[in-house]
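Dear colleague,

Please find below the structure that I am handing over to you. My notes on what was found in it follow directly after.

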Amino acid sequence: MDQGNCSSLNKFILLGITNNNDIKVMLFTMFLLVYLINLLANLGMILLINVDNRLHTPMYFFLSHLSFCDLCYSTAIGPKMLVDLTAKRTPIPFFGCALQFLVFCIFADAECLLLAVMAFDRYKAISNPLLYAVDMSSKICTLLVAGVYLVGLTDSLIHTTLTFKLCFCGSNEINHFFCDMPPLFLLSCSDIQMNELVLFTIFGFIELSTISGVLISYCYIISSVLKIRSTEGRFKAFSTCTSHLTAVAIFQGTMLFMYFRPSSSYSLDQDKMTSLFYTLVIPMLNPLIYSLRNKDVKEALEKLKNKICC
């Protein structure tokens, strides 16, 4: 391996979603709409939670951070992808590529962990509502969120450092629409066994921990709900969890499919479609899932609308 060529690479070219110019306009229009809905819905959710006192509870505190994570990692990718659909392929600097991946990884990891924290919050709210305010005080909620971001930052720095220390001595064209590990591994002429081992170990630990946390929390939730005598009470308790379970199933399922595989099974065209789903579509869906099925959010939206109209 020629180490001289490793240091000469100072930029990458993202090949984007497709080379077919006939469908680029259609894709640009579609994903611009998706990104704008994502932007407005997540900003709207954060704003609504901050201005309405009834939403100043642990559940909505965590939900506002979920919207923040969705906003951050989709914005790290979306605008650049949209520009590449409308213009000639513009190079992205080496450090710009590393920064894009770092930001994406921080907030994707944080979202993964937040979903587990939100399951724990629902368990505390349903299993022992009288002690809920004590168990999930503002101090504890702040510490949980700080821990989530700290783990996300640590994991991201490890993956970013290991990935961008690889030798890229051949082509600088990334067959993807953003800087991600699988296409960069395929581009590298270094031995990536250590990268894959670290990816499977750390990502596997985070996924196993979060999925186990969600499952254990919901086992206790189901046990607590079954003790409620009234049908109405059971329905109300379960209804607070359905939106969260939907978000967990969509996000975790997609992430497991995308990253928990050996590099030999990567299919770039398939991975692009999967990546589009979790980088743009899921961040758009999350605020819609939580608002359309949530009575408190609907009432807060109605109250805000009446204030604006008056």
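In which helix is Asn42 found? Asn42 belongs to helix 2, residues 21–51; helices here are DSSP runs of H or I with at least four residues, strands are runs of E with at least two, and both are numbered from the N terminus. Before I continue, please note that this is a predicted model, in which local features need pLDDT of at least 70 and side-chain atom pairs count only at pLDDT 80 or more, while totals for chains, interfaces and linings use all residues. Residues are numbered from 1 along each chain as its sequence is written, and side-chain values use heavy atoms, with hydrogens and water left out.

Asn42 is buried, because its relative accessible area is 0%; buried means under 20% relative accessible area, exposed over 50%, and partly exposed in between, with a 1.4 Å probe and protein chains only. The side chain of Asn42 has a polar contact of 2.5 Å with the side chain of Asn38. A polar atom of the Asn42 side chain also lies 2.9 Å from the backbone oxygen of Pro283. A polar contact is a pair of N or O atoms within 3.5 Å; within protein, one must be able to donate a hydrogen and the other to accept it, and residues adjacent in sequence count only if both atoms are side-chain atoms. Not counting residues up to four places away in sequence, Asn42 touches Ser67, Asp70, Leu71, Pro283 and Pro287, where contact means heavy atoms within 4.5 Å.

His65 lies in helix 3, residues 58–75. With a relative accessible area of 19%, His65 is therefore classed as buried. Residues up to four places away in sequence aside, His65 touches Leu114, Val145 and Tyr149. The C-alpha atoms of His65 and Gly44 are separated by 13 Å, and the two residues are 21 residues apart along the chain.

**The sheet and the nonpolar core**

The model contains an open sheet of 3 strands in the order 2-1-3, with mixed pairing. Its edge strands, each pairing on one side only, are strand 2 (92–93) and strand 3 (173–174). Two strands pair if DSSP finds at least two bridges between them. Strand 1, residues 11–14, pairs with strand 2 in the antiparallel sense over 2 bridges; here Phe12 stands opposite Ile92 and Lys11 stands opposite Pro93. Strand 1 and strand 3 pair in the parallel sense, also over 2 bridges, and Leu14 stands opposite Ile174.

Phe12 also features in the largest nonpolar core, which has 86 residues; Phe12 and Met81 are those with the most contacts inside it. The largest share of this core, 21 residues, comes from helix 5 (residues 94–127). A nonpolar core is a set of buried Ala, Val, Leu, Ile, Met, Phe, Trp, Tyr and Cys residues joined through side-chain atoms within 4.5 Å. Leaving aside neighbours within four places in sequence, Phe12 is in contact with residues including Pro91, Phe94, Cys97, Phe164, Phe168 and Leu187.

**Helix 5 and helix 7**

The axes of helix 5 and helix 7 come within 8 Å and cross at roughly 140°; axes are lines fitted to C-alpha atoms, for helices over the stretch in contact, and angles run from 0 to 180 degrees between N-to-C directions. Among the residues that meet are Phe101, Cys105 and Asp109 in helix 5, and Tyr149, Asp155 and His159 in helix 7.

Cys112 has its place in helix 5. Cys112 counts as buried because its relative accessibility is 3%. From Cys112 to Phe251 the C-alpha separation is 7.7 Å, although these residues are 139 residues apart in sequence. Beyond four places in sequence, Cys112 touches Ile206, Glu207, Thr210, Phe251 and Gln252.

Helix 7 spans residues 138–163 and includes Ser138. Ser138 counts as exposed because its relative accessibility is 62%. Its C-alpha atom is 8.7 Å from that of Thr57, which is 81 residues away along the chain. His159, also in helix 7, is buried because its relative accessible area is 3%. The His159 side chain makes a polar contact of 2.9 Å with the side chain of Asp155. Neighbours within four places in sequence aside, His159 is in contact with Phe101, Cys105, Met181, Val198, Leu199 and Ile202.

Yours sincerely
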